[in-house]
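Biologist: I'm new to this one, so let's go through it together, one question at a time.

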Amino acid sequence: MNTRAQEAAGNLLARHREITGPRTFRLLGLEWDLLPGVYAPHLAQSSALYAEWIPYPLFGSFCEVGSGTGYIAVTAALRGCAEVAAIDMSRAAADNTRRNAERHGVADRVRVSCGDMFEPLGGDERFDMIYWNSNFVEAPAGEASADDLDRAFFDPGYAAHEAYLAGAAARLHPGGRLLLGFTDLGNASLIDEIAVRHGWRQVTLRAAECLAPQGRINYRLIEFLRA
Ligand SMILES: C[S@@+](CC[C@H](N)C(=O)[O-])C[C@H]1O[C@@H](n2cnc3c(N)ncnc32)[C@H](O)[C@@H]1O
């Protein structure tokens with residue numbers, strides 16, 4: 001396990017646990033709702049980067065796995081996606097995404113579901129783009145998550161990453177694009193291994209290095225292409 005990643009996630013997780021009631025935050029020049037127990041994007045430098053880097057498919061369909069507060073799903077709708085599906089396994093995150101879709105007037109285009117990975121989708125549902133800002137900190141395989149917040153940071157054995165790369169191909173239109181927000185605190189070689197196993201190769205679409213309390217962190221928007 002990567003101790004730098006464990007420390008960085010532990011610090012950020014502790015800041016999240018201080019949030020005990022609903023509040024709002026500002027990001028991308030807009031005000032957003034935040035519910036306790038949901039990943040708080042304004043506390044991470046990566047959030048604004050990913051939001052600006054994603055090449056949202058204009059008039060197309062966009063699926064966000066692990067939508068959290070929903071700021072990316074809502075931004076996709078505000079930036080011209082015709083249909084957005086937002087999925088999160090945390091009930092609080094799904095409620096939070098719904099609130100932000102309503103707050104920004106796009107609830108008619110952002111369909112929110114609570115469930116595991118692609119499981120809530122209809123049998124033949126496909127998208128022009130699928131995106132996930134993942135819980136990239138690797139935890140020991142089989143380790144039980146303490147709660148939803150814990151699951152927003154840690155992925156035991158990278159089982160969720162495996163499910164993402166195993167299930168995405170069946171959820172993309174021909175020519176559809178598969179993206180992942182990732183950092184050098186995650187296990188890049190394991191992601192590579194899982195990707196190859198499921199017929200993908202990865203390219204870095206955008207990258208930036210930011211200074212954090214734990215030192216420099218490299219953020220990447222990865223695109224997976226069929227190998
Ligand atoms: C790092 S947070 C990102 C939240 C949000 N997309 C953002 O950028 O602020 C990861 C999110 O993925 C969700 N998640 C983790 N595993 C999941 C799974 N198997 N299915 C659906 N959502 C999952 C977590 O609940 C959490 O909200």
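Modeller: Start with Val110: leaving aside neighbours within four places in sequence, Val110 is in contact with Ala73, Ala77, Val84, Ala86, Thr97 and Ala101. Keep in mind that this is a predicted model.

Biologist: How many charged residues does the shell around the ligand have?

Modeller: There are 18 residues around the ligand, with Gly66, Asp88, Asp116, Met117 and Asn133 coming nearest. Strand E6 (127-133) and helix H5 (148-153) each supply at least two residues of the shell. By class, the shell has seven nonpolar residues, seven polar ones, and charged ones numbering four.

Biologist: What about Ala93: buried or exposed?

Modeller: Ala93 has its place in helix H4, residues 91-103. Leaving out residues up to four places away in sequence, Ala93 touches Val38, Gly68 and Asp88. Its relative accessible area is 3%, and the cut-off is under 20%, so Ala93 is buried.

Biologist: How far apart in space are Ala93 and Pro36, C-alpha to C-alpha?

Modeller: Along the sequence, Ala93 and Pro36 are 57 residues apart. In space, C-alpha to C-alpha, the distance between Ala93 and Pro36 is 9.1 Å.

Biologist: Where does Ser61 fall, buried or exposed?

Modeller: Ser61 is in strand E3, residues 61-65. Apart from residues up to four places away in sequence, it touches Glu83, Arg126, Phe127, Asp128, Met129 and His173. With a relative accessible area of 5%, under the 20% limit, Ser61 therefore counts as buried.

Biologist: And why does Ser113 count the way it does, buried or exposed?

Modeller: Ser113 is found in strand E5, residues 110-114. Its contacts, not counting residues up to four places away in sequence, are Ala86, Ile87, Asp88, Ala94 and Pro120. Because its relative accessibility is 13%, which is under 20%, Ser113 is buried.

Biologist: Last one: which class does Arg103 get for its accessibility?

Modeller: Arg103 is found in helix H4. Not counting residues up to four places away in sequence, Arg103 touches Thr24, Glu31, Trp32 and Asp33. Its relative accessibility is 38%, between the 20% and 50% limits, so Arg103 is partly exposed.

Biologist: How far is the C-alpha atom of Arg103 from that of Ala212?

Modeller: Along the chain, Arg103 and Ala212 are 109 residues apart. The separation of the C-alpha atoms of Arg103 and Ala212 is 31 Å.

Key
Residues numbered from 1 in each chain as written. Predicted model: local features only at pLDDT ≥ 70, side-chain atom pairs only at ≥ 80, totals over all residues. Heavy atoms only, no water. Contact = heavy atoms within 4.5 Å. Near = heavy atom within 4 Å. Helix = DSSP H or I, 4+ residues; strand = E, 2+ residues; numbered from the N terminus. Nonpolar A, V, L, I, M, F, W, Y, C, P; charged D, E, K, R; others polar. Buried < 20%, exposed > 50% of the residue type's maximum accessible area, 1.4 Å probe, protein only.
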